[in-house]
Amino acid sequence: MTVPPPSRSWAPRSGYRRPGADHPGLSGTPGAPAGSAGPGQAAGTGPPGWGRVPGSADGAAAPSLQAARWREVLYYVLALLGAAGLAGMLWMISRSASSAPDLVLVVLLAAVPLLVVLAVVFWIDRWEPEPARMLLVAFLWGAGVSTAVSLLVNSVFAAVVADATGDLQEAEGLAAVVSAPITEETAKGLGVLVIFLVWRRTFSGAVDGLVYAAVVAAGFAFAENILYFVANREDLLLVFVVRGLFSPFAHVTFTACTGVAIGVSARRRSRLAWVWWTPVGLVAAVVLHAFWNGVVTTAPQYYLLVEVPFFLACIGMVVWLRWAERMTMRRRLDDYGRAGWFSPQEVMMLTTGSGRSAGRRWARTRGPAATTAMSSFQKGAAELAQLRQQAVDGHADHDFADKERELLTRITSSRQVFLGVV
């Protein structure tokens, strides 16, 4: 099999067949998860730690049904809590809106920056997408829980300061610079942390933390924009341009600091690394938020001098994180490639944007079934690389071998379909 230039479609050579992988007995094939030797492979050889999860024993117990049920119950509790908070927020805002059509208008306007942010997030997360249900609970946490908590705390803070100083304007200024950054970033960051602690398997690095933080922040900004648009309906167009068009990524940038820090902790050997990494990210988020509220809003020239360069730097960081994630994926798939599950050309196809696109274009020429199979092949390979990386980092769950076996079977079956050997 050869890899053509990016401008051409990827395709296996005529008669291509992965040795030992098209009919995976999984107990006697190269790189068998159970640690048995495959054809031409001595027992115990292969990538470091192959076949045995570090820190686990053969015959590990099945996943605890009680723990799984607890996580499922908690998921629905968080989702309902977020939905209730968002519904309550919309009900409260509707009492200030002049009419129902006005409320619908501001909701639609608030949806514009939301869709822009989500489109960018989904593009960043396109190779190894997070579970949709987890992204939903992240959004609801930001839009419902974080917004409600922040509105309550900021209002109480402003009222206390106004009562003490007798100056309402000064109180609102202090709330914007002191209370809002601390309360809002803590509330948003807590949502990311809860997802990490309860559903740690969904985190494989900084990019995942960035994605969850961005979705939480997008939900928060959506609800906050509705509030601002209703409160400033006389200057609705101006407020929309400033908040919706000039700074749709403001909250995302702040909370991303916390999310990236939590994501980095997922790659550390210590399972308690989040204890010291989370505060680092949270402090950065609070400082950036306070700077935005206290300086940029009162001195717009700093927007061009500071915020635009900083935003460009953030774009560069995202690009670097995506590159680093791609290289990690390549290393982990190379582990399986040395054991006979992937060819070097497949690894290159799976870990480059042009290669993945070329593979999908080639599959489309072979019909809908091949197209679906190629998508499953690429997605399964990304999940397999993530699973392997978690094991390498020392965070493999007790069902590692079963999950690995399931993914290898899915990948092999998908390959058979798009090659037309079944």
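Which residue's side chain meets that of glutamate 325 in a salt bridge? In this predicted model, select arginine 322: the two side chains meet with an N to O distance of 2.8 Å. Both residues belong to helix α9 (residues 301-338), where they are 3 residues apart, about one turn of the helix.

Next, select glutamate 346 and arginine 415. Their closest N and O atoms are 3.0 Å apart, in a salt bridge. This pair links distant parts of the chain, with glutamate 346 in helix α10 (residues 344-350) and arginine 415 in helix α13 (residues 400-419), 69 residues apart. Glutamate 346 is buried, at a relative accessible area of 0%, and arginine 415 is buried, also at 0%. Then display Arg332, Asp335, Arg338 and Arg388, which salt bridges with shared partners join into one network.

Move on to glutamate 224 and arginine 243, whose side chains form a salt bridge of 2.7 Å, N to O. Here glutamate 224 of helix α5 (residues 206-231) is linked to arginine 243 of helix α6 (residues 236-246), 19 residues away. Glutamate 224 counts as buried, at 10% relative accessibility. The salt bridges number 13 in total.

Finish at arginine 271, in the loop between α7 (250-265) and α8 (274-296). Its relative accessibility of 41% makes arginine 271 partly exposed. Beyond neighbours within four places in sequence, arginine 271 contacts Arg200 and His395; with histidine 395 there is a side-chain to side-chain polar contact of 3.4 Å.

Terms used:
Residues are numbered from 1 along each chain as its sequence is written. This is a predicted model: local features need pLDDT of at least 70, side-chain atom pairs count only at pLDDT 80 or more; totals for chains, interfaces and linings use all residues. Side-chain values use heavy atoms; hydrogens and water are left out. Helices (H or I, at least four residues) and strands (E, at least two) are DSSP runs, numbered from the N terminus. Buried means under 20% relative accessible area, exposed over 50%, partly exposed in between (1.4 Å probe, protein chains only). Contact means heavy atoms within 4.5 Å. A polar contact is a pair of N or O atoms within 3.5 Å; within protein, one must be able to donate a hydrogen and the other to accept it, and residues adjacent in sequence count only if both atoms are side-chain atoms. A salt bridge is a side-chain nitrogen of Lys or Arg within 4 Å of a carboxyl oxygen of Asp or Glu.
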